[in-house]
Amino acid sequence: MEKQLDPMKDDLPLMANTSHMLVKHYTLDLDVDFKSQIIEGIIVFFFETGSRYRKTSSTDEEGCQSQFDETCKIRASEPCHIPVTDLSACSSTMEYNDFAVCGKGEKDTSDKNGNHSNGEQASGIPSSKNCCDIENHGSTDFLLVLDCCDLSVLKVEEVDVAAVADIEKFARSAKLTDASEELGNLRNQIVHELVTLPADRWKEQLYYYTRCSQAPGCGELLFTTGTWSLEIRKLGICTPRDFPHAIRIWYKTKPEGRSVTWTTDQSGRPCVYTMGSPINNRALFPCQEPPVALSTWQATVRTAARFVVLMSGENSAEPVQLQEGILSWYYYVTMPMPASTFTIAIGCWEEVKQQPFTADVQTNSDFSLPFSQADLRWHEERCGHVEYPCRFQNPAARLQTVIPYRVFAPWCLMENCKELVLQLIPQCLSAAYTTLGTHPFSRLDVLIVPSNFSSLGMASPHIIFLSQSVLPGGQHLCGARLCHEIAHAWFGLAIGARDWTEEWISEGFATYLEDIFWARAQQLSHDEVKGQQELKALLRWRRLRDEVQNSEEELQVLRPNKENTGEVSESGASVVKHGLKAEKIFLQVHYLKGYFLLRSLARAIGEASYLASLRKFVHKFHGQLVLSQDFLYMLLEDIPEQKESGLTVESIFQNWLDTSGMPKPLLEEGETWKECQLVQQVSGELLPDQLVLLLESLLEEKTLCPRTLQCLEKTYKLREQDAEVRHRWCELIVKHKYVPGYGDVEKFLREDQAMGVYLYGELMVNEDAKQQELAYKCFAAAQEHMDVSSAKVVAEMLF
Ligand SMILES: [Zn+2]
């Protein structure tokens, strides 16, 4: 079972033991220094005991959590599984005086990786063999494992949440005694009550998270850092239930850390921003990376006053001056999400604002609620996720077509953004709403990121990064990209992939929905929509065909772990297959295959009922993590007629998700694009007058190389076109002295004498011997039977 924890060098390890301890909230306190390119951080974690060690199955854990538990149960192999009762028993029989050498594989807490060691505590490492051994390398202490990389960890301590005034109300059920063990229980009890407060008390919860994060420490904890992890333990504590549920870590980032990029913006001013994958935020703060660790966060960021701090937070932070030249920014979220979706960007950006006299940008004027009554019944159902103040339950939020938005850009791109991005956002947001309903997030910032950003866009909660590359050349690329990133609010963020190897779930949906949103945003007619989408499909088909021919086969599989997808080890750790493979970021095969699968399902079902199913899926699974089959089973359940025609989840796995190469159904589809009008227009099926216009505009070009002319002839089959078209073709041949086309000219002069007269003139004016020879030759052959006045005119040209 643990074999999968032996990552290949291209696989990304997710080390955190989330089955033992599960983070519910992070409090971050960051000082950002641009001179040293270092962020100094203090982070406080608030934990729940992991699913594997909870006393009873808690009733408030539903959705993804319960699915996750099922997986754990399946994976629980006997030697590892220790019933909770045994664990608590062993903690009371610990022999603290049994000092011994470190067990096999146990790491020293000394100075490597720049960490400190606490000599006093290090001398007390117990190694009693009579205690439980939860895969912590021979030691008896429970080991909390966090994902962490390229961070200097300075100190780890337990937080005395019991020291916070008024906090006792969270610990009604706990009995206060003097015993230190009891005090530990009390603290954990307080944290438990705090992290499980009902959704309507979120403000109180946030307030106490802040207070608790500022509470004094009550003992340092031992820690070790490895390449990918930070391991923490408390002497004598050998179960997750007894381990401190609130811990504080002091750390520093390293300039070379791969979670953030320090660079300059397009106006030459310094900035720093998070990169997203492959390693996400583990070089920005220690965290639990596995998506199952859905958590909320709050962050205070201090930096020099000239910088703007943008972050995935549901409030639009207003900076507070702390001291001369230093501002503090505070953000928070109340919807639990994976730590990988946390995003921050700090730079000298400015907010792009509407001219004061411009009327508010219109949203779709013909807007009407797109859902049928039957559709709306899902709104009445309870949400399937853990408690949080959900917008799907909020009547006002459910009617919000366009959420509040802001645009930030470097100074030199402000005008461009004002004209384009600022106009497009409300149209795209509104189109997304008419397609999918309630926006999962309450607001949106769009930032034009520095030119070294490696993708055209990236979506995070409340913030979208957009590349400057989408700005020039009209609104098409920018609008489509915005739609793609906006679609991720539903697919990728509100609904996450439980297993990161299944990125097609977010990318496939976003690519499919991008077309739908963008068509609606442009308010196109049905035929225009169809044309645009077919053309786009053909381009993607060609790209996919090229990628499957030119990439490693195993990178072309959308569900590389097949039936093991979503499974983790006993501790909750796993590896993301190919997660670190560099060439993977240049591949679009996951986007494209996912897109074509969703498109083919839409075509089978009909777009209207398909979109209704997507809305139902969103209602059922928002705030949760899913696997491919969650979507596929729900969809096939809704359309029994598809089942009869042989479409099954198994056949979809086989044809689309579990195999490399071009999906079989797509191979058969290769020819269908020929009927699309926009495709025909490009593939030689221009109307004759369109061709004439095209060739005439080409005649205005000074130079055209022979290769271009050859392609032109081949693409538009110019030799088979009508005389008007062939006439322009011959003019091009003569103008550019395209020798391989001289036969066409000769033929034209012979067979199209009604139109060929002026061509003689053009053959002569170039004063090219070959062309003149051609003119004489043709005239000599035709002269005899030529119309008299035509012959006279030509003769004057020639002699
Ligand atoms: Zn909800």
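V145 has E231 of β8 as its bridge partner. That places the residue in a three-strand open sheet with the order β4-β8-β7 and antiparallel pairing. Keep in mind that this is a predicted model: local features need pLDDT of at least 70, side-chain atom pairs count only at pLDDT 80 or more, and totals for chains, interfaces and linings use all residues. Residues are numbered from 1 along each chain as its sequence is written, and side-chain values use heavy atoms, with hydrogens and water left out.

**The sheet**
- β4 and β8 (residues 229–233) pair in the antiparallel sense over five bridges; two strands pair if DSSP finds at least two bridges between them.
- Strands are DSSP runs of E with at least two residues, helices are runs of H or I with at least four, and numbering starts from the N terminus.

**A helix crossing**
- The axes of α9 (residues 421–436) and α14 (residues 607–621) come within 9 Å and cross at roughly 90°; axes are lines fitted to C-alpha atoms, for helices over the stretch in contact, and angles run from 0 to 180 degrees between N-to-C directions.
- That makes α9 and α14 roughly perpendicular, a label for angles of 65 to 115 degrees.
- T434, T435 and L436 of α9 meet L611, L614 and R615 of α14, where contact means heavy atoms within 4.5 Å.

**Salt bridges**
- The count comes to 37 salt bridges, each a side-chain nitrogen of Lys or Arg within 4 Å of a carboxyl oxygen of Asp or Glu.
- R269 and E350 pair at 3.7 Å, N to O. R269 sits in the loop between β10 and β11 and E350 in β17, so the pair ties together parts 81 residues apart in sequence.
- R269 is partly exposed at 24% relative accessible area, and E350 is partly exposed at 31%; buried means under 20%, exposed over 50%, and partly exposed in between (1.4 Å probe, protein chains only).
- E485 and R481 pair at 2.9 Å, N to O, and they are four residues apart in α10, about one helical turn. E485 is buried at 2%, and R481 is buried at 15%.
- E746 and R750 in α23 are also about one helical turn apart, and their side chains meet at 4.0 Å, N to O. Salt bridges that share partners join E746, K747, R750, E751 and K777 into one network.

Note on methods
Parallel < 35°, antiparallel > 145°, perpendicular 65-115°, else oblique.
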